[in-house]
Amino acid sequence: EKIRIEIISLTLTESRIASDETVQQLFVECRLYNFLAEETPLSLPKPTSGQRIHYNYSNVIHVDKANNSARREYLKSMLLKPDLHTDSLRFTVVSDPPEDEQDLECEDIGFAYVSLREIFQKQRDIIEQDTDIFDSQDDSAVIGKLKVTVEALHALRSVYEECKDD
């Protein structure tokens, strides 16, 4: 009765982010709809082109009936209403200002998405898969890849079985 998310690594392509001197440290936030935002505990130095930085960060979102019924209801509605545009986990790549410039704000530089509905439709978890990171200022531009694992199939099946019982 849980969804396990792992943020493994990140690589950047040649893009405005790669050449932006003000972007030096990166961390990743993961959000499920409006419920939960978790971020990697460390921000890591921006990788040079072709390099990967490794977060190896893992998190679990509990969706059990007893303690997390709101999350369960959200998953139910997502499975039952295919037009809902909120069926994805959203990963946000964030630029963390350097230690000596703490007056600067954190800045969202890119987004990657993993569709929970797609995991359910294909009946397959996502294991160590590279997902495109889209530029926050131009969502048609890919600025890199985020390697993630999302294990949600078991929880989604459980929620779906419950839908059929209701």
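Buried, in these legends, means under 20% relative accessible area, exposed means over 50%, and partly exposed is what falls in between (1.4 Å probe, protein chains only). By that rule, buried residues make up 46% of the 166 residues in the protein.

This is a predicted model, where local features need pLDDT of at least 70 and side-chain atom pairs count only at pLDDT 80 or more, while totals for chains, interfaces and linings use all residues. Residues are numbered from 1 along each chain as its sequence is written, and side-chain values use heavy atoms, with hydrogens and water left out.

**View 1. The whole chain, element by element.** Start with the parts list: 4 helices and 9 strands. Both kinds are DSSP runs numbered from the N terminus, helices being H or I with at least four residues and strands being E with at least two. Reading from the N terminus, the order is β-α-β-β-β-β-α-β-β-α-β-β-α. The C-alpha atoms fill a box of roughly 55 × 30 × 25 Å along the principal axes. A compact globule of 166 residues would have a radius of gyration near 15 Å, and the 17 Å of this protein agrees with that. That radius is taken over C-alpha atoms, and the globule rule is 2.2 Å times the number of residues to the power 0.38.

View 2. The score here is pLDDT, the predictor's confidence in each residue, from 0 to 100. The protein averages 90, and 96% of the residues score at least 70. Where pLDDT is low, the predicted coordinates should not be read in detail.

View 3. Look for serine 95 in strand 6 (residues 88-96). With 5% relative accessibility, serine 95 counts as buried. Contact means heavy atoms within 4.5 Å. Leaving aside neighbours within four places in sequence, serine 95 touches Thr22, Val23, Gln24, Gln25 and Leu26, and also Glu105, Cys106, Glu107 and Ile109. Zooming out to the whole protein, take the contacts between residues at least 6 apart in sequence: 64% of them join residues at least 24 apart.

**View 4. Two positive phi angles.** Glutamine 123 has a phi near 55°, a positive value in a residue other than glycine. This glutamine is found in the loop between helix 3 (116-122) and strand 8, and at 35% relative accessibility it counts as partly exposed. Now move to glutamate 128, which is found in strand 8. Glutamate 128 is not a glycine either, yet its phi is positive, at about 45°.

**View 5. Leucine 104 and aspartate 125.** Leucine 104 is found in the loop between strand 6 and strand 7 (107-115). Its relative accessible area is 40%, so leucine 104 is partly exposed. Leucine 104 and aspartate 125 are 21 residues apart in sequence, and C-alpha to C-alpha they are 38 Å apart in space.

View 6. Arginine 71 lies in helix 2 (residues 69-80). Despite being charged in the count used here (Lys and Arg positive, Asp and Glu negative, His and the chain ends not counted), arginine 71 is buried, with a relative accessible area of 17%. Serine 9 is 62 residues from arginine 71 along the chain, and their C-alpha atoms are separated by 27 Å.
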